[in-house]
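Me: I'm new to this one. Can you walk me through a few parts of it?

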Amino acid sequence: MARPRQTIVSLEDTPYYHCCSRVVRKAFLCGIDNSTGENFEHRREWVDSRILELATIFAIDICAYVVMSNHLHVVLKVDADKAKQWSDKEVLTQWHKGFKGTLLTHKYLKEEDLNSFELQTVNECITEYRKRLIDISWFMRSLSEPIARMANKEDKCTGRFWEGRFKSQALLDEAAVLACMAYVDLNPIRAKMAVTPETSDYTSIQRRINSAMKGEQPAELLPFVGNERLNMPNGLMFSVKDYIVLVEDTGRIIREDKRGAISSSSQDVLNRLNIPAENWLKITTEFGALFKGAVGALPALTEYCEHLERKRRQGASNCQRWLQA
């Protein structure tokens, strides 16, 4: 039985979440439908553009994403502190970037006169919008609904395009986050849609590689900020170069037509994560099958379950087996 979303998300334990949405009725999100011969490749651009647009609206950062033929993956980081620091006007401005708002919220931003009752109504809206802007359910809903409408219009049909619920799982430590990101970024290679990460269209790893070639990091994605230190900026541990090399090494091993091996720099990353190389390969090829619930070391998983008042630690054995040396 599916769990209510509030029993899965615990920002007290982690801001990182892996989400996956699948289509129904044997529909193709993108690519070529072998049963009909129709090409829906252009829909990948719809999803790609929408993901990056939402990152400019919500206080939610994109760590990794990939658009496959009939499903998509995103790894998100909820930035609750950013939403708390937004002024009331900033909250409304962010909300209006993607949603209509109300007549009163627009009047408030224009600094038009409002009576006490109208101001109270606007303040209630601001409180609600601030919550929604850090809500992964609202993020995924805002991603899925426009795509469904456009696809149904194109297919000349009505009804559901996506499964009723997207799947989400908490990523409780940096090992879980990095492993899940690599799993997401390597999806096209495992599915033989691409031969290298840089040729994996509409993926976060392609964006990171293209930017790295210019000595930059993509502004649309949560950046890598290096090792932990004082006054740590918002971002992912490790260097972007180390992550790209790690994904490249892993992709070469996964491909049957390439002889690959974990390089010394990639081994250094795995040593810091305390994950043996053979475990890493298992995780990055079978993450979705190995972990059905929250992912992380046992102490973090225990705290997560306690905060959500769960009686058992789902997936504890696999977390212990694959994420601890």
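Me: Where does Lys192 lie?

Reply: Lys192 is in the loop between helix H8 (187-190) and helix H9 (204-212). Helices (H or I, at least four residues) and strands (E, at least two) are DSSP runs, numbered from the N terminus. This is a predicted model, where local features need pLDDT of at least 70, side-chain atom pairs count only at pLDDT 80 or more, and totals for chains, interfaces and linings use all residues. Residues are numbered from 1 along each chain as its sequence is written, and side-chain values use heavy atoms, with hydrogens and water left out.

Me: Is Lys192 buried or exposed?

Reply: Lys192 counts as exposed because its relative accessibility is 67%. Buried means under 20% relative accessible area, exposed over 50%, and partly exposed in between (1.4 Å probe, protein chains only).

Me: And what is phi of Lys192 near?

Reply: Phi of Lys192 is near 60°, a positive value in a residue other than glycine. Asn274 also has a positive phi, near 65°, and is not glycine. Asn274 sits in the loop between helix H11 (264-273) and helix H12 (277-290). With 43% relative accessibility, Asn274 counts as partly exposed.

Me: Switching to the sheet. In what order do the four strands come?

Reply: The order is E2-E3-E1-E4, in an open sheet with antiparallel pairing. Two strands pair if DSSP finds at least two bridges between them. Strand E2 (60-67) and strand E4 (167-170) are at the edges with a single partner strand each, so one side of each has no neighbour in the sheet.

Me: How many bridges join E1 to E4?

Reply: Four bridges join strand E1 (residues 16-22) to E4, and the two run antiparallel. Cys20 stands opposite Lys167 in E4.

Me: Which strands does helix H1 lie across?

Reply: Helix H1 (residues 43-55) lies across E2 and E3, at about 170° to E2. Axes are lines fitted to C-alpha atoms, for helices over the stretch in contact (heavy atoms within 4.5 Å), and angles run from 0 to 180 degrees between N-to-C directions.

Me: New topic: which residues of the lining lie nearest the centre of the second largest pocket?

Reply: Pro15, Tyr16, Lys77, Asn234 and Gly235 do, out of 26 lining residues. A pocket is an open set of points on a 1 Å grid over the protein atoms alone where a 1.4 Å probe fits, with protein on both sides within 12 Å along at least five of seven lines; lining residues have an atom within 4 Å of a point.

Me: What supplies the largest share of that lining?

Reply: H7 does, with three residues.
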